[in-house]
Amino acid sequence: MNAYWRATRAPRYSLLFALPLLLAYEALAAFLSHGAMAGVRNGADVLLKSLFVALGGRDGLVAFGVLLLGGGAALVWRDWRRKGGGLDARYFAGMALESLGYALVFGAVAGTLAGLLLHGMTRLAAGPFDRLGLATQLMVSLGAGIYEELLFRVIVVGAVAWLGRRAFGWSAAGAGVAATIVGALVFSAFHYIGPYGDPLALPSFLFRAVAGVLFSALYLLRGFGIAAWTHALYDILLAV
(Lines give C-alpha, C1' and ligand atoms only; values in the text may rest on other atoms or scores of the structure.)
Protein backbone atom coordinates (compact mmCIF):
# COMPACT_ATOMS: atom_id res chain seq x y z
CA MET A 1 0.00 0.00 0.00
CA ASN A 2 2.84 2.42 0.79
CA ALA A 3 4.27 1.75 -2.67
CA TYR A 4 0.90 2.64 -4.22
CA TRP A 5 0.63 5.93 -2.29
CA ARG A 6 4.15 6.98 -3.29
CA ALA A 7 4.02 5.87 -6.91
CA THR A 8 0.64 7.40 -7.77
CA ARG A 9 1.85 10.87 -6.79
CA ALA A 10 4.77 10.59 -9.21
CA PRO A 11 4.52 12.10 -12.73
CA ARG A 12 4.56 8.78 -14.58
CA TYR A 13 1.27 7.85 -12.92
CA SER A 14 -0.22 11.24 -12.01
CA LEU A 15 0.24 12.94 -15.38
CA LEU A 16 -0.57 9.88 -17.48
CA PHE A 17 -3.74 9.45 -15.41
CA ALA A 18 -4.71 13.06 -16.20
CA LEU A 19 -3.99 12.75 -19.95
CA PRO A 20 -7.33 11.11 -20.92
CA LEU A 21 -9.12 13.92 -19.09
CA LEU A 22 -7.30 16.52 -21.19
CA LEU A 23 -7.93 14.64 -24.46
CA ALA A 24 -11.63 14.08 -23.67
CA TYR A 25 -12.14 17.75 -22.86
CA GLU A 26 -10.37 19.04 -25.96
CA ALA A 27 -12.18 16.55 -28.22
CA LEU A 28 -15.60 17.41 -26.78
CA ALA A 29 -14.87 21.16 -26.90
CA ALA A 30 -13.82 20.91 -30.57
CA PHE A 31 -16.91 18.84 -31.42
CA LEU A 32 -19.35 21.19 -29.71
CA SER A 33 -17.76 24.28 -31.30
CA HIS A 34 -17.33 22.52 -34.69
CA GLY A 35 -13.59 23.21 -34.51
CA ALA A 36 -13.98 26.98 -34.15
CA MET A 37 -12.07 29.04 -31.61
CA ALA A 38 -15.30 30.66 -30.43
CA GLY A 39 -17.81 28.86 -28.26
CA VAL A 40 -18.35 27.87 -24.66
CA ARG A 41 -15.23 26.53 -22.98
CA ASN A 42 -13.96 26.24 -19.45
CA GLY A 43 -12.94 29.69 -18.19
CA ALA A 44 -9.49 28.61 -16.97
CA ASP A 45 -8.79 27.09 -20.38
CA VAL A 46 -9.82 30.35 -22.10
CA LEU A 47 -7.69 32.45 -19.75
CA LEU A 48 -4.53 30.38 -20.18
CA LYS A 49 -4.83 30.08 -23.95
CA SER A 50 -5.78 33.72 -24.38
CA LEU A 51 -2.48 34.77 -22.84
CA PHE A 52 -0.58 32.78 -25.44
CA VAL A 53 -2.86 33.90 -28.29
CA ALA A 54 -2.31 37.54 -27.26
CA LEU A 55 1.44 37.02 -27.50
CA GLY A 56 1.60 35.01 -30.69
CA GLY A 57 -1.80 34.50 -32.28
CA ARG A 58 -2.28 30.99 -33.66
CA ASP A 59 1.43 30.33 -33.15
CA GLY A 60 0.95 31.20 -29.50
CA LEU A 61 -1.81 28.61 -29.25
CA VAL A 62 0.49 26.01 -30.79
CA ALA A 63 3.22 27.03 -28.34
CA PHE A 64 0.79 26.51 -25.46
CA GLY A 65 0.01 22.99 -26.64
CA VAL A 66 3.68 22.15 -27.10
CA LEU A 67 4.54 23.54 -23.67
CA LEU A 68 1.68 21.68 -21.98
CA LEU A 69 2.20 18.31 -23.63
CA GLY A 70 5.97 18.59 -24.01
CA GLY A 71 6.47 19.67 -20.40
CA GLY A 72 4.28 16.87 -19.15
CA ALA A 73 6.04 14.31 -21.34
CA ALA A 74 9.45 15.48 -20.08
CA LEU A 75 8.34 15.07 -16.45
CA VAL A 76 6.95 11.58 -17.16
CA TRP A 77 10.13 10.53 -19.02
CA ARG A 78 12.42 11.82 -16.27
CA ASP A 79 10.41 10.00 -13.61
CA TRP A 80 10.24 6.87 -15.76
CA ARG A 81 14.03 6.76 -16.14
CA ARG A 82 14.66 7.50 -12.46
CA LYS A 83 12.33 4.73 -11.33
CA GLY A 84 13.48 2.23 -13.92
CA GLY A 85 10.30 2.28 -16.03
CA GLY A 86 7.29 0.03 -15.76
CA LEU A 87 3.65 0.74 -14.96
CA ASP A 88 1.12 -1.22 -12.94
CA ALA A 89 -2.40 -1.08 -14.41
CA ARG A 90 -3.83 -1.83 -10.96
CA TYR A 91 -2.52 1.50 -9.76
CA PHE A 92 -4.54 3.36 -12.40
CA ALA A 93 -7.65 1.42 -11.37
CA GLY A 94 -7.00 2.37 -7.76
CA MET A 95 -6.56 6.02 -8.71
CA ALA A 96 -9.89 5.97 -10.57
CA LEU A 97 -11.67 4.51 -7.54
CA GLU A 98 -9.96 7.02 -5.27
CA SER A 99 -11.03 9.94 -7.43
CA LEU A 100 -14.63 8.73 -7.59
CA GLY A 101 -14.73 8.21 -3.83
CA TYR A 102 -13.38 11.69 -3.14
CA ALA A 103 -15.83 13.20 -5.64
CA LEU A 104 -18.80 11.50 -3.98
CA VAL A 105 -18.05 12.99 -0.56
CA PHE A 106 -16.44 16.25 -1.63
CA GLY A 107 -19.57 18.38 -1.73
CA ALA A 108 -20.76 17.21 1.67
CA VAL A 109 -17.37 17.87 3.28
CA ALA A 110 -16.95 21.33 1.70
CA GLY A 111 -20.56 22.25 2.47
CA THR A 112 -20.27 21.17 6.09
CA LEU A 113 -17.04 23.09 6.64
CA ALA A 114 -18.43 26.21 4.97
CA GLY A 115 -21.64 25.80 6.96
CA LEU A 116 -19.71 25.72 10.21
CA LEU A 117 -18.20 29.08 9.29
CA LEU A 118 -21.60 30.51 8.41
CA HIS A 119 -23.53 28.68 11.17
CA GLY A 120 -25.56 26.70 8.68
CA MET A 121 -25.24 24.39 5.68
CA THR A 122 -24.51 26.17 2.42
CA ARG A 123 -25.59 25.14 -1.05
CA LEU A 124 -24.88 26.52 -4.48
CA ALA A 125 -27.73 28.37 -6.14
CA ALA A 126 -28.46 27.73 -9.81
CA GLY A 127 -26.54 30.02 -12.14
CA PRO A 128 -26.11 30.58 -15.89
CA PHE A 129 -23.94 27.43 -16.15
CA ASP A 130 -26.89 25.26 -15.08
CA ARG A 131 -28.90 26.43 -18.09
CA LEU A 132 -26.39 25.04 -20.57
CA GLY A 133 -27.04 21.74 -22.31
CA LEU A 134 -25.86 18.54 -20.64
CA ALA A 135 -23.10 17.91 -23.21
CA THR A 136 -21.75 21.44 -22.70
CA GLN A 137 -21.89 21.08 -18.92
CA LEU A 138 -20.01 17.78 -19.23
CA MET A 139 -17.34 19.44 -21.40
CA VAL A 140 -16.91 22.37 -19.01
CA SER A 141 -16.72 19.95 -16.06
CA LEU A 142 -13.91 18.00 -17.72
CA GLY A 143 -12.12 21.28 -18.40
CA ALA A 144 -12.53 22.31 -14.77
CA GLY A 145 -10.65 19.22 -13.70
CA ILE A 146 -7.67 19.70 -15.98
CA TYR A 147 -7.38 23.46 -16.47
CA GLU A 148 -8.63 24.83 -13.14
CA GLU A 149 -6.32 22.48 -11.26
CA LEU A 150 -3.46 23.50 -13.54
CA LEU A 151 -4.17 27.22 -13.15
CA PHE A 152 -5.16 27.52 -9.50
CA ARG A 153 -3.23 24.70 -7.85
CA VAL A 154 -0.10 24.23 -9.96
CA ILE A 155 0.44 27.81 -11.18
CA VAL A 156 -1.19 30.15 -8.63
CA VAL A 157 -0.46 28.18 -5.45
CA GLY A 158 3.00 27.28 -6.71
CA ALA A 159 3.84 30.87 -7.70
CA VAL A 160 2.60 32.40 -4.43
CA ALA A 161 4.49 29.81 -2.37
CA TRP A 162 7.68 30.47 -4.37
CA LEU A 163 7.25 34.24 -4.01
CA GLY A 164 6.65 33.94 -0.28
CA ARG A 165 9.85 31.97 0.24
CA ARG A 166 12.10 33.90 -2.14
CA ALA A 167 10.82 37.48 -1.83
CA PHE A 168 9.57 37.57 1.76
CA GLY A 169 11.72 34.89 3.40
CA TRP A 170 8.77 32.93 4.76
CA SER A 171 9.21 29.37 5.94
CA ALA A 172 8.06 26.58 3.62
CA ALA A 173 5.06 25.91 5.86
CA GLY A 174 4.09 29.58 6.10
CA ALA A 175 4.45 30.10 2.37
CA GLY A 176 2.39 26.97 1.72
CA VAL A 177 -0.46 28.10 3.99
CA ALA A 178 -0.49 31.61 2.50
CA ALA A 179 -0.41 30.22 -1.04
CA THR A 180 -3.27 27.83 -0.31
CA ILE A 181 -5.45 30.62 1.10
CA VAL A 182 -4.67 33.03 -1.74
CA GLY A 183 -5.23 30.29 -4.33
CA ALA A 184 -8.57 29.35 -2.75
CA LEU A 185 -9.81 32.95 -2.76
CA VAL A 186 -8.74 33.49 -6.38
CA PHE A 187 -10.31 30.16 -7.35
CA SER A 188 -13.61 31.13 -5.72
CA ALA A 189 -13.66 34.64 -7.22
CA PHE A 190 -13.01 33.21 -10.68
CA HIS A 191 -16.49 31.59 -10.69
CA TYR A 192 -18.22 35.00 -10.67
CA ILE A 193 -16.47 36.43 -13.74
CA GLY A 194 -17.75 36.43 -17.31
CA PRO A 195 -21.12 35.80 -18.95
CA TYR A 196 -21.48 32.37 -17.33
CA GLY A 197 -20.36 33.52 -13.89
CA ASP A 198 -22.65 32.97 -10.92
CA PRO A 199 -24.30 35.82 -9.01
CA LEU A 200 -21.94 36.83 -6.20
CA ALA A 201 -23.17 35.64 -2.79
CA LEU A 202 -21.26 35.05 0.46
CA PRO A 203 -22.43 31.43 1.02
CA SER A 204 -21.40 30.27 -2.45
CA PHE A 205 -18.16 32.28 -2.35
CA LEU A 206 -17.19 30.71 0.97
CA PHE A 207 -18.18 27.24 -0.21
CA ARG A 208 -15.89 27.56 -3.23
CA ALA A 209 -13.06 29.01 -1.13
CA VAL A 210 -13.29 25.99 1.19
CA ALA A 211 -13.39 23.76 -1.89
CA GLY A 212 -10.23 25.46 -3.12
CA VAL A 213 -8.45 24.67 0.13
CA LEU A 214 -9.57 21.03 -0.09
CA PHE A 215 -8.46 20.71 -3.71
CA SER A 216 -5.06 22.18 -2.73
CA ALA A 217 -4.74 19.62 0.06
CA LEU A 218 -5.69 16.83 -2.34
CA TYR A 219 -3.18 18.09 -4.92
CA LEU A 220 -0.37 18.19 -2.35
CA LEU A 221 -1.23 14.83 -0.78
CA ARG A 222 -2.31 12.78 -3.82
CA GLY A 223 -0.87 14.57 -6.84
CA PHE A 224 -2.23 16.38 -9.87
CA GLY A 225 -3.96 13.46 -11.59
CA ILE A 226 -6.21 12.48 -8.71
CA ALA A 227 -6.98 16.13 -7.87
CA ALA A 228 -7.93 16.80 -11.52
CA TRP A 229 -10.16 13.75 -11.85
CA THR A 230 -11.80 14.37 -8.46
CA HIS A 231 -12.64 17.94 -9.52
CA ALA A 232 -13.98 16.81 -12.90
CA LEU A 233 -16.06 13.97 -11.47
CA TYR A 234 -17.49 16.19 -8.73
CA ASP A 235 -18.60 18.76 -11.32
CA ILE A 236 -20.05 16.01 -13.51
CA LEU A 237 -22.06 14.65 -10.58
CA LEU A 238 -23.47 18.14 -10.03
CA ALA A 239 -24.38 18.43 -13.72
CA VAL A 240 -26.24 15.12 -13.91
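## Helix packing and a pocket, question by question

Tutor: In this predicted model, the axes of helix 2 and helix 3 come within 9 Å and cross at roughly 145°. The crossing of these two helices is left-handed.

Student: Which residues of helix 2 and helix 3 meet there?

Tutor: Helix 2 brings Pro11, Arg12, Leu15, Leu16, Leu19, Leu22, Tyr25 and Glu26, while helix 3 brings Asp45, Lys49, Leu68, Leu69, Gly72, Leu75, Val76, Asp79 and Trp80. Sorted by class, this contact has 11 nonpolar, one polar and five charged residues.

Student: What makes up the contact between helix 2 and helix 4?

Tutor: From helix 2 come Arg12, Tyr13, Ser14, Leu16 and Phe17, and from helix 4 come Tyr91, Phe92, Met95, Ala96 and Ser99. By class that is seven nonpolar, two polar and one charged residues.

Student: And how do you know that helix 3 is roughly perpendicular to helix 5?

Tutor: Helix 3 and helix 5 pack at about 95°, with their axes 11 Å apart. The roughly perpendicular range is 65 to 115 degrees, so this pair belongs in it. Ala44, Asp45, Leu47, Leu48, Lys49, Phe64 and Leu68 of helix 3 touch Tyr147, Glu148, Leu150, Leu151 and Ile155 of helix 5. That contact has nine nonpolar, no polar and three charged residues.

Student: Let's finish with the second largest pocket. How much space lies in it?

Tutor: The second largest pocket holds about 630 Å³ of space. It is lined by 27 residues, and the closest to its centre are Leu15, Leu68, Gly72, Leu75 and Phe224. Helix 2, helix 3 (43–82), helix 5 (134–168) and helix 7 (202–239) are the elements that each give two or more residues to this lining.

Student: Which helix gives the most to the lining?

Tutor: Helix 3 does, with 11 residues.

Definitions and conventions: Residues are numbered from 1 along each chain as its sequence is written. This is a predicted model: local features need pLDDT of at least 70, side-chain atom pairs count only at pLDDT 80 or more; totals for chains, interfaces and linings use all residues. Side-chain values use heavy atoms; hydrogens and water are left out. Contact means heavy atoms within 4.5 Å. Helices (H or I, at least four residues) and strands (E, at least two) are DSSP runs, numbered from the N terminus. Ala, Val, Leu, Ile, Met, Phe, Trp, Tyr, Cys and Pro count as nonpolar, Asp, Glu, Lys and Arg as charged, and the others, Gly among them, as polar. On a 1 Å grid over the protein atoms alone, a cavity is a set of points where a 1.4 Å probe fits but cannot get out, and a pocket is an open set with protein on both sides within 12 Å along at least five of seven lines; lining residues have an atom within 4 Å of a point. Grid points are joined across faces, edges and corners, and a volume is the space filled by probe spheres set on the points. Axes are lines fitted to C-alpha atoms, for helices over the stretch in contact, and angles run from 0 to 180 degrees between N-to-C directions. A crossing is left-handed if the near helix is turned anticlockwise from the far one by less than a right angle, and right-handed if clockwise. Angles under 35 degrees count as roughly parallel, over 145 as roughly antiparallel, 65 to 115 as roughly perpendicular and the rest as oblique.
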